[in-house]
Every structure is written in structure tokens, then in C-alpha cells.
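Please consult the sequence and the three-dimensional view while reading.

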Amino acid sequence: MSFKFKPDPLDSTDEKLRIRKNLQDITNRIHAAKNTTQILIDLKDGILNLFNAYSITIYVVDKLRNEIYSMFLAGSQLKEIRVPISNQSIAGYVANTGNIMNISDAYNQTELKAIDSGLKFDSRWDEKSGFRSKQILAAPIFYEDQLMGVIQILNRKKSDSKFTEEEVGLAVEIAEVLGVAFYNQQRFSHRRKTRFDFLITRDLINDKEMEEAWAGAHEHKESIEQHLMRKHRISKDDIGHSFEEFYRCRFFDYNDKFTIPGDLIKNLKKDYLCRELWVPMEIIDGYIHVIVDDPNNILKRDAIENLLKPNKIKYDVALPEDILKFINLFFRSSDNEHSFTEILGKLDDEDKGSDDEDGSDLVTESDSVIMQLINKIINDAYARRASDIHIEPNIGKKNVEIRFRVDGDCAVYQTVPFSYRAAIISRVKIMSNLDITVKRLPQDGKIKFRRSNGEELELRVASIPTQGGVEDVVMRLLAKGETMPLEDMSLSKRNYDELLKIIAKPYGMILVVGPTGSGKTTTLHAALRHINRPDRKIWTAEDPVEITQYGLRQVQVQPKIGFDFAAAMRSFLRADPDIIMVGEMRDFETAKIGVEASLTGHLVFSTLHTNSAPETIVRLLDMGIDPLNFADALLGILAQRLLRTLCKNCKESYHPKKEEYDEIADSYGEEAFAKLNIAYNNDFKLFRPKGCDLCDKTGYKGRMGIHELVVATDNIKRLVQKRETVEVMRSKAMSEGMTTLLQDGILKSLKGLTDFKQVRRVCIK
């Protein structure tokens, strides 16, 4: 028995393609079904879409009881409907005889009697549901010569006549597919792999609950994945692991910080991608990675490969709702600002017809689209709390990479086609008043940038020539706004109390030390805020002025014209200061003036780039500072680092292994750690990152300081006068209560503010 579907020549080509595509799609879904119940409940609507009809019932044979049965939802409960295999009903007759039935009116007894004298239509279901059955098309489901069930379609939508010959042929094709699927379900049911096997084998859900989940998802008109997450509390991560195990590919979770693949989507239409549920994501090792809802869908893969040829493609999986979110992210636009993709599209339109190899003349820095692109980059950097923007052109035809540094870590933001690299760099140089004709020397400048809401940003710009005749640009977003209070600086109680004591002194020198970007200026301004009163005159010399405070007289140094830190300090001493803050002691002269100023009745704050507080003393003495004067002037030295903090929303506690406990104790110092009375037992907990939407799946959000404060006690001053070694000074400071940077970081990891991995990243033992 082999009807073949013959498309009506009068049908439109689009309709033929729709039917053929839907037929292939439902075939794939039938063969991928986990069990018979899923076909009877979840896939019925998909099959019904192939016919212009109102209702469909799929029956499965029960040989032991000589019946056919189907399943339906009554509320949230699965219920069965059973029909004897006999000539007493239409579906039973088809199962009994193996004949196809195509009836124009189920209530026409004459039509039924003409087929078989005992044939009847059971109207009880119509009476319960209020549905009035009319046309019925029923076909047997066979595998080879073995009866597997019956497919029954009711009531055509656009005609009162019975189903057409073409629709009969389509029903037979579906029946053949169902026959193979039912046979495989019976034969291989215990060893079929499904995309949810991971959940079952790990006891996250059992077979019965999985069966109920299919029914529940259908009832609530939601995807099975959404239902599992909502009703059965299955995590998205577990569903992702299950998909990865089944499809043997990566699972993509939505992340609104994902780099927009401008080159890959510029020729694709948003509506098409939303309808087909796929989108290209990135290129890795020469392969375009495309996310789809079902990587095993051959029909979809063929369409993707035709569009993206001749590229090599790898398929990854994502939830349908996440694919739509990615598509909306990539094509997003608002009233105030074009999306990155739209801007690249405009550049592409202007670029058509040009074949310049090095890209120098394709587009100019004055083009409005290039201006929009740079504005978009700066606005997005600000929105993502980035401290730096790195624009990195490459030689040849490689794309320009744009990276943001957020919370101390660099990550790719976007890539831009290589042909726009010259225009992008030139545009930034124009904005920062740099010479665009100079490409072989580094240049420094500034940008004052006004956002659409009127807010002003200031960016420090550095252009640096790199290999291959291109230039890199790094833009630092300078901090603006309120000064942080000292109590929010994450200082330990001892460090906070001691720091308050020394900044309250009428004169002396206080130094904050650490590498670039460790928050030294922020800490200095927090200390100045604490002592900023109308009865005190405070002068600051900074390069640049990043933080402004009312009541401070702040000066921007200009080394190019000879107005450096030393010159600024000399001028301050003639301007009746009480407190002086100098941005950095870069040389002997600045340090010497600072020491002298602190000995003549002024409180002096400054910074140095040294690794620890005790090392700072040795560094200044090596610069030539007189040890007696320095010992008299010094009040304290605060060393600090910034490290990433665990996301408060998703961090998780765990019981570490003894080896990890021992490593922490050894890093802290065995004797000192023993004094903390933290024993290794079942109650000992640490915290680690997990990842959620609030922290962009990193597990970390924000940064905090760790500190090392040397207070210049009489003992420390004596060691300074004797020019003792760093080790001797550190040992003495620790005996007087100083905790090292590493120890302070470990204490904060024990409190769950960060993890030991982050502490090790920024500390030297």
C-alpha cells in the first residue's frame, strides 16, 4: 500500500514548498520523539498543520486487548480513549480492514452503510465536546505488514466536500512515517537516546514526571524546556548539559554582552532568522558557529548551508527563546541610538563597489556613520562600567577588535571590518585633538564627550604605533561624580582605625602605593573627603584630574610645558596650604619637596608604584631621600590592590578539600593562621563563583580593595633611619599588627566576599 503525495498543479509554488517543508519538519520531529506519548500529545498540532482541517486523532494499536487507543489532555491529566478493532466504528473499521476511509458526512447513515452494513458513527464525543464531526479521513498506520495504529483527520476548513485525493496521499505519507516511528518506539524504547536523558540518568526527573511534563507543556502552551524549568525546577544549566550530551555540541545561554557578529549577519534578515530560529554567532578555527533549536534538523541545516556557503559550519544548540533574544540583541535599535549591526550595515552600503586592499580610502573619518560608530562604542563602554576601551587594528584583512576592560578583565566587545580601521583611528584622534598625519609616534590626548542625556564624560586617549604600520588606540574613561566615603573602601577594622588616626595628624607624609589601576587616587580622595573642612586649605596636583571635590583646589599638571608635579608643589608652598596632595612621586625632586613640605607643617598625600608598603620605604631611600628627614616625616604607607568580588546573587558555598585549606593556611602563614582559630571541620565553608544573568555568567560583579598599612611607629622610624632591609621592616610591621595584602585578601575570601583564586591573582607572597 503506497500512496504517494501528488501536489495539485493548481496549487501555488509557495504552498507546495510550505507543505513539503512542513512535512520534512514534522518527519524529523516524529523520529526524534522520546516516546509514543509525545507523538500523541505534543506533535499532533504539527501534523494537523499539514491539512486544512480542524481536528486530528492518532491511535496506537494494543494487540493484547484488540483495541486502538489514543491519549488526550483533560485539564492537566492524561486520559485515554479506546476503540475496539471492529467494524462498529470508523477508526475501528480502518484498523480491522486496513482500508482508507474518506467520508463527506459522518452523520449520513446511507454513506456509512454503503461502506459496511454494520458501520456506525459514535456521536458521544461530539455531544460532550460540542464539536460537530463532518468530513472524516482515516488511514491505517502500518510498518511493513504489521498494523501499528490509525490516523484520523476531521472537518476541512474551506470546503464541505470530502478530503481531496492529494490530502489522502498526504495522510498516507504521514502514516508511513508514524509506522516506522511506532515500530522503533516498541523495539528500541529501552535504549533510545533523547535530549533529556541527562536529566533522567542523574535523577533530576523520573520517567513518569517526564511523561507528565510533555502533557503539562502542551496544556500551558509552552515549550517542554520552559515547563521543566517552571514546574519541575530543573535549572537551565542542567537542560544545557543535557542538550550538550545529546547533540554533542555547545549549549548557548543568552548573554546580552555577547559580541555582535556584524560580518556574519549583515546580509541576513531579522524576520527570516526569527521565523527559522537560527543565527550565526562567531567564527572559531575557520568554522562559523550557528545556534539552532535542533542541530539534527537536516532541512534547516541545508537551508543554513545554502545561505552561508562556501563557509564551513558547526552547529550549536540554544533554547528557542534565547535564540530570539540573541537575534533581537544583534538587530536591536532604539529611538535615540542605532544598533551596532545597523551602523555596520550603513558602512557596508557606503563601501559597495570599492576594492581598496588596505582600506585607507574606503570611508573617511568625517563620515557620519563613523561618528555614530565611535559614539556607540563610548556609550556602550560607559553602560557596561568599562574603565578602558582598546581599539586594536590588525594587519592584512583581519578585523579590528574592540575590547572593554570591566572589573579589571579585558573582553572582546565587537569586531569591525578591517576596511574601516584607518577611519576609526583618525576619528578618535580628531576627537582628542591629535595630529592624524603623525602615525609613527605615540600621542596622548583627551576627549570631552557629551551623552544624549546631557551627561559629560572625559576620556584619556593614547595612540600607539604597532607592527604592520597600524595604530592602536586606548581610551580610559575617567571617573566622575561623587567621591567614595572612606568607610566604603573595604578597609579592615584595624586598617580603618589606624588610617583615621594618621590622616587626623596636622603634618607629615601619607603614601598610597600600588600598580596602575589599583584605586590609589580613589583612596586618596576618600581620605581628603574625610578631612575636607572649611578651615583647611587643600591643594591637589593631578595628571589628570579624575575626581573632583567641592572645597579642593585642584590643578592639572602639564609636563609638556614644564609644569610638572615638582613645579606644582613648589607653587603650592607659596599659596598658604594646610594639606597638599600630589598625584605621584615620580622622581627625586618631587619626593624631596614632599618630605620637606611635610616637615614644615603640611600634611602631604601622594602615591608611588611599588609592590608593598615596606618596599616603598626602601624605594624612596634608594632615590636619595635623607633617611632621618624621611623617618621624621612619615606617618604611614597604605599598599592596596583591587580584586573581583563574588556576585552576591549567585555565589555558592562549598566545603573545600583539606588540601585547599592547607594551601590557604600556608599562604597566610601557619603561625598567624593558627591564631585565627579557624579549624578544618564539616562546618568550614568557602564560597565560589557560579554565574547568573546579573553578573553576565562570570560569577563576579564589582571590585573591592585589599590593603596593607604600615604605621610609622617609633620602632619603624628607627628602622628607616638605619636603612634596614624590606624583610626586617615587614617583620616588625607585622609584629605590630600589620596584615599583608595576601593576608587581607584571604580574610576577605573566608568571609565570602571573594575567592582565593582572585586573591592569588593580585598578590605576591
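Glu-276 counts as buried, its relative accessibility being 13%, where the cut-off for burial is under 20%. The structure under discussion is a predicted model. Glu-276 belongs to helix H13.

The side chain of Glu-276 forms a polar contact of 2.8 Å with the side chain of Lys-21. When neighbours within four places in sequence are set aside, the residues in contact with Glu-276 are Lys-21 and Lys-300.

Leu-277 is located in the loop that runs between H13 and E7. With a relative accessible area of 17%, Leu-277 is likewise classed as buried.

Residues up to four places away in sequence not being counted, Leu-277 touches Ile-291, Val-292, Asp-293, Lys-300, Pro-320, Ile-323 and Leu-324. Lys-300 is also a contact of Glu-276. As for a residue elsewhere in the chain, Gln-135 is 142 residues from Leu-277 in sequence, and the C-alpha atoms of the two are 35 Å apart in space.

Helix H14 spans residues 298-308, and its buried residues are Lys-300, Ile-304 and Leu-308. Viewed down the axis of H14, these buried residues fall within an arc of 55 degrees and so line one face of the helix.

At the start of H14, Asn-297 places a side-chain oxygen within 3.1 Å of the backbone nitrogen of Leu-299. In the loop between H14 and E9 lies Pro-310. The peptide bond leading from Lys-309 to Pro-310 is cis, its omega being near 10 degrees.

## The helix pair H27 and H28

Helix H27 (residues 714-721) packs with helix H28 (residues 726-735) at an angle of about 175 degrees, and their axes are 10 Å apart. The two helices are therefore roughly antiparallel to each other, a description applied to angles over 145 degrees. On the H27 side the meeting residues are Asn-715, Ile-716, Leu-719 and Val-720, while H28 contributes Val-728, Met-729, Lys-732 and Ala-733. The residues of this contact comprise 6 nonpolar, 1 polar and 1 charged.

The buried residues of H27 include Ile-716, Lys-717, Leu-719 and Val-720. After H27 comes Arg-723, which has a positive phi near 55 degrees.

## Positive phi in two further loops

Arg-233 is not a glycine, yet its phi is positive, at about 55 degrees. This residue is in the loop between helix H10 (224-231) and helix H11 (236-247). Is Arg-233 buried or exposed? Its relative accessible area of 71% makes Arg-233 exposed, since that term applies over 50%.

Asp-407, although not a glycine, has a positive phi of about 50 degrees. Asp-407 is situated in the loop between strand E11 (400-406) and strand E12 (409-416). With a relative accessible area of 11%, Asp-407 is buried, whereas Arg-233 is exposed.

Notes:
Residues numbered from 1 in each chain as written. Predicted model: local features only at pLDDT ≥ 70, side-chain atom pairs only at ≥ 80, totals over all residues. Heavy atoms only, no water. Axes fitted to C-alpha atoms, helices over the stretch in contact; angles between N-to-C directions. Helix = DSSP H or I, 4+ residues; strand = E, 2+ residues; numbered from the N terminus. Parallel < 35°, antiparallel > 145°, perpendicular 65-115°, else oblique. Contact = heavy atoms within 4.5 Å. Nonpolar A, V, L, I, M, F, W, Y, C, P; charged D, E, K, R; others polar. Buried < 20%, exposed > 50% of the residue type's maximum accessible area, 1.4 Å probe, protein only. Arc of directions from axis to C-beta. Polar contact = N/O pair within 3.5 Å; in protein donor to acceptor, adjacent residues only side chain to side chain.
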